[in-house]
Amino acid sequence: MTYDTILVLDFGGQYCHLIGRRIREHNVYSEIVPHDIKPEEIKLLNKKFNVKGLVFSGGPASVYDPNAPRCDPNILDLNLPVLGLCYGHQLIAQIASGKVEPAKHREYGIAYVTIDKPVGVLKGLDKKEKVWMSHGDTVLALPAEYETLAHTGSCPVAAFRHKEKPIYGLQWHPEVVHTEKGTQMLRNFIFEVSNCEANWKVEDFIETAIREIKRSIGESKAIIGLSGGIDSSASTALAAKALGKNLTAVFVDHGFVREGEPEFVKSTFEKFGVNFILAEAQERFLQKMVGVADPEKKRKIVGEEFIRVFEEVARQVGAEYLIQGTIYPDRIESGFRKFSDKIKTHHNVAGLPTKMEFKAVVEPLRNLYKDEVRKVAAQLGLPKEIVWRQPFPGPGLAVRVTGEITKEKVEIVRKADNIVTEEIEKAGLKHSLWQYFAVLTETKSTGVKGDARAYGYTVAVRAVESQEAMTASFAKIPYDVLERISTRITNEIPQVVRVVYDITHKPPATIEWE
């Protein structure tokens, strides 16, 4: 079956794949393609997909920068609907000989736009709409063949369209949850403007992924890094179906894992008949972290040491390939595209060493988001405690201790993290939250314990709501739950005298602190 498809041209924006994710929510397939894709290449893609529209993503560059990413202008003559977002909006205006200049007042965050003409992409919207802006440049004027559809006080052309062709531009980000009617805007583009049929679902992915693993690895042996999280667990289940006994799952206990994690993972996957190896590596990882405070160095150290452990195990079992549970957000935040800004290195992406003994690294989930992975995992028959497990970073508690790591600090944050987990889940909040955990900060402060002065650490508690981890809102946890968490942490962990709660959204923050 050929799926109706929207192509998203990637201009390096951190939200590029979130656009693709939002499109898929409507059961319409999306494919991310390079920004410099040629019109002929788009036509060729129609042998694989039924391309019905194009979205130009945002990006960190400025359209008047000579090195800024650009598209082939002839793409606008393909008679395909086009929607430009943020940078894409500005680029379309510039290609059409409109006026784009640095904004006098940069808009970042929530803004209120006035809808002048609620047509096309803006069909059904109110006169005033709450949107999410993030831009330093502004479209100030359009050529005669275009018309303005919306404006703000500092952005005279916040939305536009071509008067005859189905070409639209929005200065804001409809893909971000903070744009209240962003879903409706994208739905308008997908179904009203592009006339797509909702004929794709994520469950179709499984057969394709198994075929791809078989094609990549053949009759050779492979190992897979299994952490017990949803991503690596789903990858393990897929790889097991593709490779059978030629697959060995390796859990590396680097000493930065959650309370009881090695035992949980071992008991869970032994039931599935997967070849399982527990690699004890606590001391070697801790030694590598001595004197290291920079979070990027931590991630790269963990990434490299993981590979070295995997190589040792691979030699033992005769494996030539490594399989990983890398998903879309990992690749985005690691700046895997030329024009992307790197937010943080993920140990399983940009944290990997340049030289490895493996013939190849296979990533069956590389094009899926977390909630899509959960659907795949459920269809594969993984237990609910795995399917709905909250995310945990590959470097583990190493990136939940700010500053230099010591054995004592890791034990403190492990205990604090366990307390947060217990109280959140006891309160019945587990399924309403995306992630919840503790961070041990470098900040020390004065407290009082046992009627005496105490000088100790500050623990930060983080809990967020999200759908795909590309954006997140801090969770409004009931005060009585926060009080229990704080009381338990300060009572049960002698070295901690203060607990704070993180009330920052993503963006501007990331979910993890490091």
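**Helix packing and cysteines in a predicted model**

Me: Which helices pack at an angle of about 40 degrees, and how far apart are their axes?

Reply: Helix H6 (residues 230–243) and helix H11 (residues 370–379) pack at about 40 degrees, with their axes 10 Å apart; axes here are lines fitted to C-alpha atoms over the stretch in contact, and angles run from 0 to 180 degrees between N-to-C directions. This is a predicted model, in which local features need pLDDT of at least 70 and side-chain atom pairs count only at pLDDT 80 or more, while totals for chains, interfaces and linings use all residues. Residues are numbered from 1 along each chain as its sequence is written, and side-chain values use heavy atoms, with hydrogens and water left out.

Me: Why are H6 and H11 called oblique to each other?

Reply: Angles under 35 degrees count as roughly parallel, over 145 as roughly antiparallel, 65 to 115 as roughly perpendicular and the rest as oblique. The angle between H6 and H11 is about 40 degrees, and the two helices are therefore oblique to each other.

Me: Which residues of H6 and H11 meet?

Reply: Ile230, Asp231 and Ala234 in H6 meet Lys370, Val373, Arg374 and Ala377 in H11, where contact means heavy atoms within 4.5 Å. The residues of this contact of H6 with H11 divide into four nonpolar, no polar and three charged; Ala, Val, Leu, Ile, Met, Phe, Trp, Tyr, Cys and Pro count as nonpolar, Asp, Glu, Lys and Arg as charged, and the others, Gly among them, as polar.

Me: What makes H5 and H6 oblique to each other?

Reply: The axes of helix H5 (residues 205–217) and H6 cross at roughly 60 degrees and come within 9 Å; by the angle classes already given, H5 and H6 are therefore oblique to each other. Residues making the contact include Phe205, Ile206 and Ala209 of H5 and Leu238 and Ala239 of H6, and by class the contact of H5 with H6 has ten nonpolar, no polar and two charged residues.

Me: How do you know whether Cys155 is buried or exposed?

Reply: Buried means under 20% relative accessible area, exposed over 50%, and partly exposed in between (1.4 Å probe, protein chains only). Cys155 has a relative accessible area of 0% and is therefore buried, and Cys16, with 1%, is buried as well.

Note on methods: Helix = DSSP H or I, 4+ residues; strand = E, 2+ residues; numbered from the N terminus.
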